[in-house]
Amino acid sequence: AEDAMGRDDDSPLSPAAAVTSTTMDLTAKIEEMQQQNSDVFAIPDYFVYMSRAFSTLEGIGLSSDSNYSILKECYPYLAKRLLS
């Protein structure tokens, strides 16, 4: 998640080159892990709906600010929920 949260303006995938979605990057990584380890864990059905909702919200944010990251906005809440 931390890799997906960071944006580097000097990278080839910078907002100047292309607007990227950290939510889609994170979702793709989770799906890849699930495919590689299908015997260890499965992605719940509601994950698809949550991912789609976060992607939509991030898309709206990216339309007005090319450096917007919904994961950065939600990080304090997610950290609190994961650690409690």
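Predicted model: local features only at pLDDT ≥ 70, side-chain atom pairs only at ≥ 80, totals over all residues.
Residues are numbered from 1 along each chain as its sequence is written, and side-chain values use heavy atoms, with hydrogens and water left out. Local features need a pLDDT of at least 70, side-chain atom pairs count only at pLDDT 80 or more, and totals for chains, interfaces and linings use all residues.

The chain contains four helices and zero strands (DSSP runs of H or I with at least four residues, and of E with at least two, numbered from the N terminus). Of its 84 residues, 24% are buried, that is, under 20% relative accessible area with a 1.4 Å probe, protein chains only.

Confidence is given as pLDDT, on a scale from 0 to 100. The chain averages 77, and 77% of the residues score at least 70.

Helix 2 (residues 22-36) packs with helix 3 at an angle of about 155°, their axes lying 8 Å apart. The axes are lines fitted to C-alpha atoms over the stretch in contact, and angles run from 0 to 180 degrees between N-to-C directions. Helix 2 is therefore roughly antiparallel to helix 3, a term for angles over 145 degrees. Helix 2 contributes Thr22, Thr23, Met24, Thr27 and Ile30 to the contact, and helix 3 contributes Phe47, Ser51, Phe54, Ser55 and Glu58.

Definitions and conventions:
pLDDT = per-residue confidence, 0-100. Parallel < 35°, antiparallel > 145°, perpendicular 65-115°, else oblique. Contact = heavy atoms within 4.5 Å. Buried < 20%, exposed > 50% of the residue type's maximum accessible area, 1.4 Å probe, protein only.
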